[in-house]
Amino acid sequence: MSSLYEQLGGNEAVDAAVDIFYRKVLADDRVSEFFDDTDMEGQAAKQKAFLTMAFGGPHNYTGHDMREGHKRLVEQGLNDTHVDVIIELLGASLQELNVPGELIAQVAAVAEAARNDVLNR
């Protein structure tokens, strides 16, 4: 069986999804504040590499693990509600790309599996 990465459409699909996702994140007052001082080009590149790896594609991610990478955000108040919004926006980004619901559910499950690490608990 092919990986989730391949089922989604590979590199082009991940790139498109991340670009749409961050447009949505930056426009959403519920989470945009966490990205105020962020180099969004660098952030998008890290996210693309991470999601590629997390979805079973090539492993080129060299960033921090989820706990270390989000530690500063947790100190700024990142909580479950914010993670819910991120998962919602990721799903909406995939819907915009006409990704089938069952694949969006798999992506949400991958994101959900990282929740406790992202929130450092």
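Predicted model: local features only at pLDDT ≥ 70, side-chain atom pairs only at ≥ 80, totals over all residues.

Visitor: OK, how many salt bridges does a search of the whole structure find?

Guide: The search turns up nine. One of them pairs Asp 19 with Lys 48, with their closest N and O atoms 3.0 Å apart. Asp 19 sits in helix 2 and Lys 48 in helix 3, so this pair ties together parts 29 residues apart in sequence.

Visitor: Is Lys 48 buried or exposed?

Guide: Lys 48 is buried, because its relative accessible area is 18% and the cut-off for buried is under 20%. Asp 19 counts as partly exposed, at 35%.

Visitor: What does Lys 24 form a salt bridge with?

Guide: Glu 96, and the closest N and O atoms are 3.0 Å apart. That pair links helix 2 to helix 5, 72 residues apart. Both partners are partly exposed: Lys 24 at 24% and Glu 96 at 45%.

Visitor: And which residues are linked in a network of salt bridges?

Guide: Asp 80, Asp 84, Glu 112, Arg 115 and Arg 121. Arg 115 is in helix 7 and Asp 84 in helix 5, so the bridge ties together parts 31 residues apart in sequence. Arg 115 is buried at 9%, whereas Asp 84 is partly exposed at 42%.

Visitor: Switching to helix 3. What caps its N-terminal end?

Guide: Asp 39 does, with a side-chain oxygen 3.2 Å from the backbone nitrogen of Glu 41. After the helix comes Gly 56, which has a positive phi, near 95 degrees.

Visitor: What covers the buried residues of helix 3?

Guide: The cover includes helix 1, helix 2 and helix 4. Among the buried residues are Met 40, Gln 43, Phe 50 and Leu 51, and Lys 48 is on that list too.

Visitor: Now the largest nonpolar core. Which members touch the most others?

Guide: Of its 35 residues, those are Leu 8, Tyr 22, Val 25, Phe 55, Leu 94 and Val 107. Helices 1 to 6 each supply at least two residues of the core. Leaving out residues up to four places away in sequence, Val 25 touches Val 31, Ser 32, Phe 35, Ile 86 and Leu 89.

Visitor: Where does Ser 93 lie?

Guide: In helix 5. Ser 93 is buried, at 0% relative accessible area. Not counting residues up to four places away in sequence, Ser 93 touches Ala 17, Ile 20, Phe 21 and Lys 24.

Technical notes:
Residues numbered from 1 in each chain as written. Heavy atoms only, no water. Core = buried A, V, L, I, M, F, W, Y, C linked by side-chain atoms within 4.5 Å. Buried < 20%, exposed > 50% of the residue type's maximum accessible area, 1.4 Å probe, protein only. Helix = DSSP H or I, 4+ residues; strand = E, 2+ residues; numbered from the N terminus. Contact = heavy atoms within 4.5 Å. Polar contact = N/O pair within 3.5 Å; in protein donor to acceptor, adjacent residues only side chain to side chain. Salt bridge = Lys/Arg side-chain N within 4 Å of Asp/Glu carboxyl O.
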